[in-house]
Each structure stands twice: as structure tokens, then as C-alpha cells.
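Biologist: Hi! I'm new to this one, could you walk me through it?
Modeller: Happy to, let's have it on screen.

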Amino acid sequence: MEALKELLFKMADDSLVIGHRMGEWTGIAPMMEEDLAFSSIAQDKLGHANTLYDMLHELGEADADTLGFLRSANEFRNCQFVELPIGDYDFSLVRHFLFDNAEFIRYKHLANSSHEPLAKFARKVIGEVRYHVMHGNAWMKKLGNSHTAEGLERMQQQLNFAFPYALGVFEHSPSENEIKDQGYFVGEDTVKEEWMNTIKSVIAETKLTLPENAEPVTGGRKHEHTEHLSTMLEEMSVTLRLDPSVEW
Amino acid sequence: MYGGGNTFEKITATKLEDEDPILLQEFEEKIAKGGKIEPQDWMPALYRKQLTRMIEQHAHSEIIGALPEGTWITRAPGFRRKRAILAKVQDEIGHAQLLYSAAETLGKTREAMINDLVTGKSKYSNIFNYPAYTWADAAVIAWLVDAAAIVNQTANAKGSYGPYSRALDRICIEESFHLKYGHDAVVYLATGTDMQRQMVQEALNRWWKPLMHFFGPPDKQSKHTEILMRWKVKMGTNDEMRNQFMDMYVPKIWELGLDIPDAELGKDEETGIWSFADPDWEEFKRVINGDGPLNKERLAVRKAVENNSEWIRKAILSPESKYVVPLA
């Protein structure tokens with residue numbers, strides 16, 4: 001049970017944090033069309049987080065708002081990748097591309113999870129995440145084939161910066177073996193392998209190159225975070241904390 | 001969430017006498033019969049000019065209007081509110097996109113419109129130059145500013161320009177959801193703890209005057225207003241729209257036990273006309289002319305967005321690409 005909760009927590013925390021970050025673009029994204037796209041994806045991610053926390057609530061944890069909004073940063077199990085600030089659009093796009101491809105493969109495998117509520121959820125969500133991936137891949141190809149040197153340089157720089165963090169998505173959970181043994185999930189190594197193939201094939205259609213010998217930035221799955229997570233959570237909970245005992 | 005039909009800029013009219021009298025007569029007859037004018041149809045220069053400004057200002061009001069509420073997406077209390085306000089602000093950006101396309105059918109590019117916005121040449125609704133200090137401000141905006149916008153937009157959806165009218169029909173459907181969401185958020189605060197009640201009362205106090213300004217200054221039946229109403233560009237006078245808003249929403253605000261900060265507020269039951277204190281039209285003028293609490297910040301944000309994204313437009317613009325006017 002603890003292993004299952006660990007899996008649900010890391011997925012829920014990833015979804016909440018990336019959803020919050022993508023929602024920071026709402027109203028100020030580079031083009032209205034991208035504003036709409038990032039906002040849609042952010043809503044999906046927040047919805048996924050909400051459902052996953054609800055699933056944890058069913059397993060005896062606190063309710064979704066308490067889990068999402070009122071825990072402190074050192075209780076979160078998201079990868080560090082998602083908590084980094086949105087930066088410029090180039091970074092946010094590269095992160096979206098790298099992260100969502102991993103999400104897509106993760107949910108594809110989760111459709112066969114031995115925890116039926118999770119499997120059911122994964123089957124439903126996969127249709128949404130397919131669009132996230134289509135969007136990320138399309139823009140990666142577009143800007144990875146920029147007509148300007150600046151465009152190519154920016155994208156390459158952000159890819160170099162983001163890639164080690166992206167590898168950190170697949171950091172093993174403390175109960176990784178049990179998660180696999182119980183059939184909850186196929187495990188991070190399998191997802192990572194498929195993910196590498198996808199990322200390589202998309203990047204091959206661009207003028208960009210994947211950094212070689214990148215070392216994964218890990219820690220998130222063991223509650224170790226950058227300072228950006230606590231700042232983010234403080235902002236996120238500022239209204240609810242005025243009085244968490246009442247309805248808003 | 002605007003659609004007032006006020007342009008707040010002087011119109012330097014092309015003289016109607018210069019227009020072809022036969023075409024003008026056909027144009028007016030078509031409108032009088034309830035027909036729609038489409039992008040390729042003949043239209044007087046004044047009509048084109050006024051509509052371009054009006055739709056453009058409406059579009060600007062949507063993207064600038066996303067800013068005060070947008071800052072509360074990251075601070076909304078709990079999943080339900082966070083997801084709803086994100087969807088709501090996204091809708092406003094969608095409205096901007098729809099409206100810029102409608103305005104483009106009259107011959108001005110989106111790029112030129114955005115440029116006029118960030119250089120301060122074209123205006124947007126005054127109300128978005130005021131700050132949203134607390135979650136309650138975001139709730140009051142979603143309820144009452146959107147309600148005010150619906151009053152305007154529902155009227156203008158019956159206007160004569162096809163692309164604008166169709167855009168408004170779609171926008172009104174979404175706005176009515178915003179209104180429900182905003183009302184729900186206000187109800188929770190108004191029926192909540194003392195702290196929540198105080199929050200929402202203070203927010204209402206802050207937004208009431210900008211709401212009265214929202215519909216524009218009191219009517220002075222200028223010659224232009226007459227023509228624009230005959231051409232169904234403007235579908236109601238400022239006072240009519242404001243009165244309709246007050247008639248619908250003052251009782252609802254009172255129902256929640258909230259006070260409206262206007263001692264002179266009252267309805268003449270015989271005429272159906274609401275009276276209200278002078279909401280300081282001098283302040284209205286000052287804000288229109290750039291001297292409101294947040295005019296500079298709002299434009300600075302938009303300017304930063306444009307500057308930061310210039311590299312993307314350059315990067316994706318193929319040398320062979322051509323500009324195509326959208327069909328509404």
C-alpha cells in the first residue's frame with residue numbers, strides 16, 4: 001500500500017507542479033494561440049493532480065486540497081524538473097516537450113496497472129496527454145528548425161540545460177521494486193528507454209542535438225527540492241492558508 | 001469581457017456627403033431590415049473606421065482584462081477555484097483571438113492592432129487599470145465585470161456587422177459561465193466567515209466606481225451616436241446599458257447582504273430609472289488618458305510579452321509566408 005501511495009504521490013505532485021507552472025503563462029504567453037494551448041494543458045494537469053489526490057484520499061490520506069495546497073515542500077515527491085521557474089518560452093517549451101513525452105509513455109503503461117482505479121484513470125487520461133505530446137512535438141520541430149540563428153541557439157541552449165533535469169523524471173522511488181512487483185507500474189527504467197527513443201526521433205527531425213553523457217539531476221523523489229518549490233507552494237497556498245478550515 | 005461600443009477616441013469622420021448616395025441608401029436599407037454587413041460588402045468609411053476601433057478595443061480589453069484576474073490563478077484557494085479561474089482567464093484570451101480576427105476582416109492586421117495597443121495609441125476598457133488586491137477582487141471581477149460585459153455584449157450581438165455579431169454570440173455563451181462562476185465565488189465569501197465577508201465587501205467597495213465608469217459617461221446624444229445607432233454599430237446608449245446592469249444586479253448584491261458604496265443609490269419605480277451618485281467622471285477621464293493606478297504597468301506587461309516573443313515570430317516566419325486576411 002505504501003508503495004502504491006508513493007507512486008500516486010509522485011505522479012500527483014508532478015502534475016500539480018507542472019500544471020501550476022504552465023498556468024503561469026496564462027495571459028502572458030508569446031502568442032494568443034500558445035496562451036490557449038498552455039492554459040488547456042495546465043488545466044488538464046491540474047485535473048490529473050486532483051484525481052490522483054482523490055485516489056490517495058480513498059486510500060486514507062487527507063483530501064485533495066490539503067494534499068495539494070497545504071503540505072510543505074519537503075513532503076513533495078515531484079521531480080525537480082517540474083518545479084523550475086517558467087523562464088522564457090524556450091525553456092517552458094523544451095520542458096513541456098521532454099516531460100509530456102514521458103507522461104504519455106507512463107500513462108500508456110499505467111493502463112495495465114494492477115490498481116484498477118489507476119488503470120481506469122490512465123486509460124481516460126491518455127487521450128488528453130496525446131494532444132499535449134502532439135503540441136510539444138510540433139513546436140519542438142518548428143523552433144528546432146528556426147529560420148534564425150537566435151532561434152536555434154536558444155533552443156539548443158535550453159535543451160542542454162533541461163535534459164539532465166528531464167533524466168531526473170525517471171529517478172527511482174524508494175519503493176521502486178515493490179511498485180513493479182505488485183504490478184502497479186512497469187517501472188521507470190522501461191519508461192525511460194521508450195522515452196529516449198521518442199525524444200531521439202523527434203530531435204532527429206530538427207537541427208538540434210541531444211547533449212551526450214548528461215548526468216540526471218535527481219532528488220525530487222526523495223523529497224529533495226530546489227528553493228523554487230517552496231516559493232511556489234507559498235504563493236499557491238496564500239489564500240487558502242488565510243483559513244484552511246472553511247470553504248472558499 | 002467588454003463590448004461597450006464606446007471608443008473613447010475622437011472620430012475624425014469622413015463626411016457622409018462624400019459617400020455614394022445610392023450605395024449608402026442600399027446599405028442603410030439592408031441594416032434597417034435586420035440584414036448583416038459582411039467583410040466584402042460595401043460600407044461607408046465611417047462605419048469601417050468606427051467598427052475597427054470598437055472591435056479592436058474590445059479585443060484589447062480581453063487580453064488586458066486577463067491580467068488582473070490572471071495574477072490570481074497562482075493563488076486561487078483550492079483545486080476547484082484554481083481550475084475554474086484558469087479556464088475563465090483562458091476564455092478571455094480566446095475572446096481576444098476571436099475579436100482580433102473579426103477586426104482583421106475590416107482591413108487592419110493583428111500585428112498593427114497589438115502595436116497600437118502597446119504604444120498607447122488605442123484604448124481598452126478603463127476598468128482593467130485597477131488593481132485586484134485579494135481573491136475577493138478576482139471573484140467580484142468575475143461576477144460583476146463579466147455581468148456588465150454581458151449587458152453590453154448581448155445588445156451588441158444584435159449589431160449589423162456579421163463577423164462581430166457572430167463572435168459576440170459565442171463570447172456571450174462563455175461569459176454567462178463566467179458570471180455563474182463569479183457569482184458562486186462571491187456567494188461563498190459573502191456567506192462565509194467574518195474575514196471572508198469583509199474581504200468581499202472591501203473588494204466591492206473598490207470595484208463599484210469602476211463598474212459605474214464601465215458603461216461610459218452619461219449620454220449626450222451627439223450626431224455620431226445617432227448615426228452609429230442607426231447603423232446598428234452601437235445598440236444602446238451608455239445610460240440605458242448602465243441602468244439595465246443596475247436593475248439586474250443591485251438587487252442581487254443586496255440579497256447577499258453586501259453594501260453598495262453609494263448613498264444616493266435608488267430606483268424610481270415609475271420610470272424604472274436608477275439614480276446614483278456622480279462616480280467622479282474626472283477620474284474616468286484621467287484613467288482613459290493614461291493616468292490610472294495601473295495603466296503603465298498593464299502596458300508594460302503587454303510590451304514585455306511582445307518583446308520577449310519577437311524571436312519566436314522571427315524564428316517561425318518563413319521568408320515565403322504571406323499575410324492572409326481571415327474570413328469570419
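**A chat about rings, a threonine and a fold**

Modeller: Let me start in chain B: the charged end of B:Arg81 sits over the ring of B:Tyr188, 5.1 Å from its centre. A charge counts as over a ring if NZ of Lys or CZ of Arg is within 6 Å of the ring centre and within 35 degrees of the ring normal.

Biologist: And what lies over the face of B:Phe177?
Modeller: That is B:Lys180, at 5.3 Å from the ring centre.

Biologist: Before we go on, what kind of model is this?
Modeller: It is a predicted model, where local features need pLDDT of at least 70, side-chain atom pairs count only at pLDDT 80 or more, and totals for chains, interfaces and linings use all residues. Residues are numbered from 1 along each chain as its sequence is written, chains are lettered from A and ligands numbered from 1 in the order in which they are written, and side-chain values use heavy atoms, with hydrogens and water left out.

Biologist: Back to rings. How many aromatic pairs are there over all chains?
Modeller: The count is 24, where rings of Phe, Tyr and Trp (its six-membered ring) pair if their centres lie within 6.5 Å; planes under 30 degrees apart are stacked, over 60 edge-to-face, and the rest tilted. Take A:Phe38 and A:Tyr89: their ring centres are 5.7 Å apart and their planes at 50°, so this pair is tilted.

Biologist: Where are those two in the chain?
Modeller: A:Phe38 is in helix H2 (residues 32-58) and A:Tyr89 in helix H5 (residues 89-110) of chain A, so the pair links parts 51 residues apart. Helices are DSSP runs (H or I, at least four residues) and strands are E runs of at least two, numbered from the N terminus.

Biologist: Are they buried or exposed?
Modeller: Both A:Phe38 and A:Tyr89 are buried, meaning under 20% relative accessible area; exposed is over 50% and partly exposed in between (1.4 Å probe, protein chains only).

Biologist: New topic: where is A:Thr206?
Modeller: A:Thr206 is in the loop between helix H9 (188-203) and helix H10 (227-236) of chain A. Its relative accessible area is 10%, so A:Thr206 is buried.

Biologist: What does its side chain reach?
Modeller: The side chain of A:Thr206 reaches the backbone oxygen of A:Ile203 at 2.6 Å and the backbone nitrogen of A:Leu208 at 3.1 Å.

Biologist: And how many helices and strands does chain A have?
Modeller: Chain A has ten helices and zero strands, and 60% of its 248 residues are buried.

How values were computed:
A polar contact is a pair of N or O atoms within 3.5 Å; within protein, one must be able to donate a hydrogen and the other to accept it, and residues adjacent in sequence count only if both atoms are side-chain atoms.
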